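Here is a protein structure to look at together.

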Protein chains: 2
Amino acid sequence: MSDLLIRNGIPLSLAFGALGLGAAVVLIRSILKASDGNEAMRSIAGAIQAGAKAYLNRQLGAVSMIAVVMFIVIGLLRDWTTAGGFVVGAGCSLIAGYIGMTIAVRANVRTAQAASVGSHPALKVAFSGGAVTGLLVVALGLLSVGGFYLTVLKVSGNPKTAIDSLIGLALGSSLVSVFARLGGGIYTKAADVGADLVGKVEQNLQEDDPRNPATVADNVGDNVGDCAGMAADVFETYAVSLIGGVLVGHLVSPESMAALSYPFVVCGISILGAVLGVLYVNLFKQSATRALLGGVGISGLFSALLLYPATRAMFPDGLTVTGATVTANALYGCILTGIVLTFASVWITNYYTSTEFGPVRRIAAASETGHGTNVIAGLAVGNHATVLPVLLICGSIWCSHEWAGLYGIAIAVVSMLSLSGIVISLDAFGPITDNAGGIAVMSGLDPAVRKVTDELDAVGNTMKAVTKGYAIASAGLAAMVLFGSYVEELKAHLPGQVFHFDLTNPKIMIGLFIGGMLPFLFTAFAMDAVGSAAGAVVHEVRRQLGLKPGILNGTETPEYGQCVDIVTKAALRQMVLPALLPLVFVVAVAAIPSLGKEALGGMLVGTIVTGLFVGISMTSAGGAWDNAKKYVEDGNHGGKGSDTHKAAVTGDTVGDPYKDTAGPAVNPMIKVVNILAILIIPILFK
Amino acid sequence: MSDLLIRNGIPLSLAFGALGLGAAVVLIRSILKASDGNEAMRSIAGAIQAGAKAYLNRQLGAVSMIAVVMFIVIGLLRDWTTAGGFVVGAGCSLIAGYIGMTIAVRANVRTAQAASVGSHPALKVAFSGGAVTGLLVVALGLLSVGGFYLTVLKVSGNPKTAIDSLIGLALGSSLVSVFARLGGGIYTKAADVGADLVGKVEQNLQEDDPRNPATVADNVGDNVGDCAGMAADVFETYAVSLIGGVLVGHLVSPESMAALSYPFVVCGISILGAVLGVLYVNLFKQSATRALLGGVGISGLFSALLLYPATRAMFPDGLTVTGATVTANALYGCILTGIVLTFASVWITNYYTSTEFGPVRRIAAASETGHGTNVIAGLAVGNHATVLPVLLICGSIWCSHEWAGLYGIAIAVVSMLSLSGIVISLDAFGPITDNAGGIAVMSGLDPAVRKVTDELDAVGNTMKAVTKGYAIASAGLAAMVLFGSYVEELKAHLPGQVFHFDLTNPKIMIGLFIGGMLPFLFTAFAMDAVGSAAGAVVHEVRRQLGLKPGILNGTETPEYGQCVDIVTKAALRQMVLPALLPLVFVVAVAAIPSLGKEALGGMLVGTIVTGLFVGISMTSAGGAWDNAKKYVEDGNHGGKGSDTHKAAVTGDTVGDPYKDTAGPAVNPMIKVVNILAILIIPILFK
């Protein structure tokens, strides 16, 4: 058993990956079999599908151009195997987004139809749609990393070559994911904010009113941002964490086959856990929140239980890391650290963003005294929300490093991310129910249907905030592993030299400042992009309503395509500059002779430190504002239509780019900076 | 000449300090000689004086209690000389605030009176009031640090004892300044936001309408926050920079008398420059902006010119630092670096916060599409505004370290801060004109008077933003010097041990994360405090207007004292927790055995890195929102009363705690963390 796992850990885990893929296919078939409603519903769903597909195709075109340039540059300056890895990573990240979205735009209309039957059937369809993305992302991540590694190993016969080329794969997936998060995020929030500003504020239309020319763009946005963008992002997080584990395993213990295949085994077993969790949600009929959280619990518990014997089997005599022996129990401690960190960060984000607790209620209460106090309260909540996650991350770093050094941190990250399959199913479920509600309203279904989807949507909102907290917390840890890899790679590449990343070295301080600046600059661009694109939507909607007064009384049809076109172009144009920022700064700092290796190291850490705070505070504040508005709409502090509600809507609008554009894009951005630094070591540092 | 300067540099510079004090006395007499207007004006000014005095006295009581505890703790655990230094620093910081405010509440009514004669007389009185604070702060800073050093040196006969006890002085001034910035900031913004929310938004009253029960509290707030709080803050910044220079000078070159007295000489000469600058503004009759910026230019140019021969004279053979020789020209290069950084940071902040340039106008334009887009645009501007200052700081670190190591950075900071005298005169001038306008409206003077004060107030607004950028940029550099001192002190205290503050050490990463968290947590508390205190004011004003309907038609007088009392209590209660945060975290990290020295070092740097970004982005965004509102009020995008204006007011409200409470308090907070760490070395680390 022990020997089997060590020798065949990677192929075995790939088999589990294939199983996950199979489960996703089964889910897809079950979704497609469900009824897609009447003619009106199909027509609206068709418009959303067409818009989403058109956007993703154009995004694909833009990203491909950049990817081809990167491929050639990496191939010429480094090597073609790594460049090949870049293409595989970029391709898989795109595919994850593409398929996830393709299923989502089919599940939405079917969820609307199922909601006319009841709440549980709707939950089943929507959750299955989300689970497809969840399972696909982890299966694709495991298969692409493992498959590429085994292929290169077979062709080159050199494990070092195979591992090095994985850095290309990591960079490809991270870079595509920055584009997908930014482009999708700008699209969805520009359409959302733009539609709300004219529709809700100026014309008193309800959400998803078919008379609003921006309403289709808004629904398309949910899919390209919250489905495709998120899927690419999580694929990246998952693949990069796994690669980080492999990289560090090989660096700290080059002779050990077990150290290298252990991360794969952890991921493989967890896919089994995810499939079980999905089954649980689908089979047991209970309230949505209980079902979803139960699924996560089952999945985590199963992985935790199975990983103990697996760890013991893989490291019967422990693992020798730079002379010292790390026991199997110590490694299992790191696994548990990752799982505990996952559940803790889910709980904390839930505390700060759910209507059940103090923070959201304080924002709602602050809305009574106006727009200004609402925004102040939300910003304060965002800052407060950084404290516990960061302390927990510190605790996790301390424990796992104490137990197993850098490899221990890497294993904690892998263990944390191995739960992605089930966690992401929860996230992807939100936009499907959101869209289902939109289709129900636009196709004139009974208001009871909207009520069912609204309830599911509220659950989805909390889940979305929760998974963002999870993603950014994992990014903090994962980036630390990458920084460690940067240092180790540097040592391996320049064996004679000694490197001090000491804070007393002014180059390190300069690096810290420049790196710390990146998340601020990056989010500033992202917010500007949403603001200006939303402004363009506002002007277009005002223009249409002015030209065709019949739109408002229902005698004329708005040109939905115009708004779709505007946000498509704006998103594609405005995602490029911020997405390229990390590339430019990494290369500049590395290439300036008086900065170089040390300053670059400082820069990596600086980006991690401020990025973690910026990311957590933005996504938490955004989620809290959103739910504070919902809390007021539920009849508190004056309810819908009151001045308090108007103030709460302002916070929600500010929170939109915070939580869906700028904040989550910080996660892949941090990784691009760190991976690129590793990649350019042999190119720039001689 | 050379010998005279080296041997008597400190006494000589103290003579210049006394000269600055004398100039301040002359200005005070000239202000008091001016007419303080009619009976109505005197009565209102009296109410403001009484409120401000009452608040400062109560703040004095609260801070004294904490200071006494700290004095005893420091005395018992460290030594009584250092504890004495703590009392001197705390006392001078309090005195600076007290006198600055006492003059401001007398200059305000005289400025209102002078404004009825013309713009230039009003500028003269208001600027003289500001200049009193400016000159006092630098004179007091130089005299207290130099005087205390010479006294301890004389008594103990040991330079090391004298220098060590300066750390106590630094901590005293920093701690008081955190309290003063927070307490004053909470007071002023709670009153301001509260007065606006009911007065402007609900009752359509103008600014400073005497029918608003919160209007006296609002005017008191300008004095306790923008005058007293700011003066304490700048005193701290100045004293700590000077002490940092002395500390590093002694650490890197213990034998050199010149290295130790050079920072004093730089400060002394610059006081001469400041007096010249003040004279320039008072003597030449031109537009306010040109006069003020001209004064700064003259002052900087004079210091730069005189410091060249002084530096050559003090270091005829250069300075030997750890074996290598630093030339006088290299040291002068560091001086120029500080001066250039001052002018550059003034120019950059002006760019981001003045109505003349793109950023503020973009916020104004974004207000057209609503409250939400206004806030998004402002937050983005705040983040953008961090980039250039941070790059410049990096450049300054690089240059000055390249030229003269850590001592070079310390000299650049001293040179930067030596310009405080004139820079702070500009800052303190703003609230005086603001108050003058309030008195003019409340005492029913001709609207033309208000127009004169309004014009001066707009200039004052930009100046205030500009000096905050200057203070926080200098804090970044000064904190670096303090971190360097921490490391050197640690080495000196534990001579056998080797310390690695290497980023690959997980303790350093944990320290960076915990330190990075502090500015986020600290500003969250500060914003919460303003939000909740403003809410209490809103309820009190609503209560009074409900009880006495005659207030609104002018037949009944509001009870101004009630609002003054509410904000006084709220400010005192809510300043304590955030102000104690840095103390608690420093001691905790130092005392936890598995963290300790290294993690504490990481924590110092983490606080500097995120603090710099948080501080700059908050103060810049706040200034930009304020002026975007003014830009709309000047008739752009629909002007006063339009929906665009309402959205712009929201941004201004959010910006209030950003720019006047949380943002500027980050500056002394960073310093408290760093100084406290130095202070506890001999107590906790054995």
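Where is B:His637 found? B:His637 sits in the loop between α17 and α18 of chain B. Helices here are DSSP runs of H or I with at least four residues, strands are runs of E with at least two, and both are numbered from the N terminus.

Before going on, a bit of housekeeping. This is a predicted model, where local features need pLDDT of at least 70, side-chain atom pairs count only at pLDDT 80 or more, and totals for chains, interfaces and linings use all residues. Residues are numbered from 1 along each chain as its sequence is written, chains are lettered from A and ligands numbered from 1 in the order in which they are written, and side-chain values use heavy atoms, with hydrogens and water left out.

Back to the loop. B:His637 is not a glycine, yet its phi is positive, about 55°. In chain A, the loop between α17 and α18 (643–684) holds A:His637, and phi is positive there too, near 50°. The table puts both residues side by side; partly exposed means a relative accessible area between the cut-offs for buried (under 20%) and exposed (over 50%), using a 1.4 Å probe and protein chains only.

| Residue | Phi | Relative accessible area |
|---|---|---|
| A:His637 | A:His637: near 50° | A:His637: 28%, partly exposed |
| B:His637 | B:His637: about 55° | B:His637: 27%, partly exposed |

Next, have a look at A:Pro668 in helix α18 of chain A. Is A:Pro668 buried or exposed? With 0% relative accessibility, A:Pro668 counts as buried. Leaving out residues up to four places away in sequence, A:Pro668 touches A:Ser174, A:Ser177, A:Val178, A:Arg181, A:Asp233 and A:Glu236, where contact means heavy atoms within 4.5 Å.

B:Asp164, in helix α5 (residues 159–202) of chain B, is also counted as buried, at 16% relative accessibility. Apart from neighbours within four places in sequence, B:Asp164 is in contact with B:Arg78, B:Thr82 and B:Glu489.

Helix α6 (residues 215–252) and helix α7 (residues 257–283), both of chain A, meet at an angle of about 150° with their axes 6 Å apart. The axes are lines fitted to C-alpha atoms over the stretch in contact, and angles run from 0 to 180 degrees between N-to-C directions. The two helices are therefore roughly antiparallel, the label for angles over 145 degrees. On the α6(A) side, the contact includes A:Tyr238 and A:Leu242, and on the α7(A) side it includes A:Phe264 and A:Ile271.

Over in chain B, helix α10 (residues 358–366) has the buried residues B:Pro359, B:Val360, B:Ile363, B:Ala364 and B:Ala366. Seen down the helix axis, these fall within an arc of 165°, so they line one face of α10(B); the arc is that of the directions from the axis to the C-beta atoms. Among the elements covering them are α9 (328–353) and α11 (371–384) of chain B.

Finally, some rings. A:Phe613 and B:Phe520 make a stacked pair, 4.9 Å centre to centre with 15° between the planes. A:Phe613 lies in α17 of chain A and B:Phe520 in α15 of chain B, so this pair joins two chains.

Notes
Parallel < 35°, antiparallel > 145°, perpendicular 65-115°, else oblique. Phe/Tyr/Trp six-rings, centres within 6.5 Å; stacked < 30°, edge-to-face > 60°.
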